[in-house]
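Notebook open, model loaded. I want to go through the charge pairs, then a helix pair, then a surface patch.

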Amino acid sequence: MRINREIIRLSVPAILSNITVPLLGLCDTAIAGHLGADSFIGAIAVGSMMINVTFWLFGFLRMGTTGLTAQAFGADDAVALRTVFSRAVTLGAAIGTLLLLLMYPLREMLLTLISPDEPIRSLASRYYTIVLMSAPALLATNAVQGWLFGMQTTLIPMTVAIATNVINIAISLTMVLIFHTGFIGVAIGTLSANWLGLLLALILARRKAGGKLWIPFRDVFTDREGLGRFFRVNSDIFFRSAAIMAVSLGVTAIGSRLGALTLAANAVMMQFFNFFSFFMDGLAFTAEALTGRFAGARDFGMLRRSRNALLWWSAAIAALFFGIYCFAPDPIVALITDSPTVRADIRNYYLRRILHRTDRHPHNARGNRSLRTAVLRNMLHPHRRDRTSRQRQTMDSIPRLPCRTGNNPRRPLSTGILTLTHHDLSQNRITRQIINEYQGNIF
């Protein structure tokens, strides 16, 4: 067997399938980004993060199912194949139903952790409530797709994923543009797409198995040894997903406390991370399918060859994405949002811009200090014009204070002004930070 050819055969459809997963969130973000308010993007960010935290912890329903199915496939065990399918799909539907029953406490807990502004909180709460109604369908679909990957077929999961996204886009645009449901139409599109995606996945899986998919329900959870193995295999995946979710939740929570603009910019930038991670998961599913197959067949030579080849493929794809994100991020940002304020804020975090900032150098903090100095001078010297565009944008949001040392507003001031106007300056959070960091070094 030519291992690289086999990797390409499985990986290309798997990658396309996994790319469509963040496209669900990307589609919602893009539609919300053209509704005319930054708060809509922020609400999608918060709502999507809440959905991801809720669902991604159960990613083992797809990942673990792939490995167990592949081992049964390699061992040519038809009974084990049906057992894994029945157990994974039933468990997914059961967990989804439990999530529906716990919808209210989960929603309030996540909103409390993230703490978004009130307008964003209200929109995100409605988005989460509507989309969570598809929890049984989404988790069961993940289990079916994992089983199909283990069966060494990636074309069917790709078909299901692409069809689900096309349905989502079509329904969301119809609800927003034709029925004028606004922000809620985006959530309705996602809800409908998830249920229709499950129906399509079950139909195609039944055809792949020749009509024999299920075992008697009484046998699904009565085999304690098999059930225990199912959960032991997936425990590491569960904690891995929890760690990723903790980081993503932290980014969203901190961004929500810094305002709608920062939250919206973070939402767009997180799509870069999500797109890359799901792209790499395409290779991960290929690895699970191949290694599980060779382990089930007891072919350890091919197991080692597939492992080494997959590592090289992963490194090459990572290098490719690094180059794209470093040197051509603007078209991607423009695709997600047309908000000029959000685009401008995101440009501050481009790697090439950060590397060229003089204020990042430990021996030259002039750039950062000069900006802060200019902010304070703007309040004290409102007639100054020698400012950069970034300084003007920052200073426009800062209240101007009256001069305290004379009638001439252009008169240079001494550092004593910090003492004389400390009470006035301390009313503003930004100026209070300037005083604390640069008192004695401003002029």
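Predicted model: local features only at pLDDT ≥ 70, side-chain atom pairs only at ≥ 80, totals over all residues.

**Salt bridges**

I looked up Arg107 and found it buried, at 14% relative accessibility (buried is under 20% relative accessible area, exposed over 50%, partly exposed in between, with a 1.4 Å probe and protein chains only). Its partner in a salt bridge is Glu108, 3.3 Å from N to O, and Glu108 is partly exposed at 23%. The term means a side-chain nitrogen of Lys or Arg within 4 Å of a carboxyl oxygen of Asp or Glu.

Residues are numbered from 1 along each chain as its sequence is written, and side-chain values use heavy atoms, without hydrogens and water.

I count four salt bridges in the structure. Glu6 pairs with Arg9, closest N and O atoms 2.7 Å apart, and also with Arg293, at 3.4 Å. Glu6 sits in helix α1 and Arg293 in helix α11 (residues 260-296), so this pair ties together parts 287 residues apart in sequence. Helices here are DSSP runs (H or I, at least four residues), numbered from the N terminus. Shared partners join Glu6, Arg9 and Arg293 into one network. Glu6 is buried at 12%, whereas Arg9 is partly exposed at 42%.

**Helix pair**

Next I checked α3 (residues 60-74) against α7 (residues 135-150): their axes, lines fitted to C-alpha atoms over the stretch in contact, come within 7 Å and cross at roughly 30 degrees. I therefore log α3 and α7 as roughly parallel (angles under 35 degrees).

Note on methods. Axes fitted to C-alpha atoms, helices over the stretch in contact; angles between N-to-C directions. Helix = DSSP H or I, 4+ residues; strand = E, 2+ residues; numbered from the N terminus. Parallel < 35°, antiparallel > 145°, perpendicular 65-115°, else oblique.
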